[in-house]
Amino acid sequence: MDDHSIIERYERAWIFFGLGMIVVFILLIGYTLVSSRGSIPLAVGQVNASEVRTQGEFANPRVEKVGRDYVVYMQAFAFGYLPADIRVKKGAKVTFYITSPDVLHGFNIERTNINVEVIPGEIAKVSQVFNQTGEYRILCNEYCGIGHASMISKITVEE
Ligand code: CUA
């Protein structure tokens, strides 16, 4: 065997390796998109930030039961979240609509992929199915003022 055919074999092996990695990356991207479905926040509308507390859906922060699922209209404000006490059933899909009446806040649910930047006047939508019972804390991870560190709420997932 001459040197050329040995080099060709190496090159072929590396080309196949490269093509194989491209396939792996495409599969990983697909898996990420499928597994994170719902947890990527969508901007679904706008409200007048100064009217969030007095008009429209967010003036009445609440958990609504829709069939076996839930829709939550939520305010992230300085310094807390409304509704303060959220209770849902394990395995149900929970869709959150969130906005802020004042400044930028975070909406991060621990042990999930949910991590939203809540912009005053912008309505963000995210969904989550909670497959384990227990308490999930909601944390603000955007610095929003003196009470930022204590801006915590919770979701209770029941059997
Ligand atoms: Cu709200 Cu930090």
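Predicted model: local features only at pLDDT ≥ 70, side-chain atom pairs only at ≥ 80, totals over all residues.
1. Of the contacts between residues at least 6 apart in sequence, 60% join residues at least 24 apart.

2. On overall dimensions, the chain has a radius of gyration of 23 Å, whereas a compact globule of 159 residues would have one near 15 Å. Along the principal axes, the C-alpha atoms fill a box of roughly 80 × 35 × 30 Å.

3. Buried residues account for 35% of the 159 residues, and the accessible surface comes to about 9700 Å², with 58% of that area belonging to carbon and sulfur atoms. The side chains include 15 positive and 17 negative ones, and the centres of these two sets lie 10 Å apart.

4. The largest nonpolar core has 26 residues, and those with the most contacts inside it are Met74, Phe96, Ile98, Phe107, Ile109, Phe130 and Ile155. Among the elements that give two or more residues to this core are β3 (69–77), β6 (93–99), β7 (105–109) and β11 (152–158), and β3 gives the most, with 4 residues.

5. Phe107 deserves a look in the viewer: leaving aside residues up to four places away in sequence, Phe107 touches a set of residues that includes Met74, Tyr81, Phe96, Ile98, Val116, Val126, Ile138 and Asn141.

Note on methods:
Residues numbered from 1 in each chain as written. Heavy atoms only, no water. Rg over C-alpha atoms; globule rule 2.2 N^0.38 Å. Buried < 20%, exposed > 50% of the residue type's maximum accessible area, 1.4 Å probe, protein only. Contact = heavy atoms within 4.5 Å. Areas by Shrake-Rupley, 256 points an atom, 1.4 Å probe, with all protein chains shown as cover. Lys, Arg positive; Asp, Glu negative; His and termini not counted. Charge placed at Lys NZ, Arg CZ, Asp CG, Glu CD. Core = buried A, V, L, I, M, F, W, Y, C linked by side-chain atoms within 4.5 Å.
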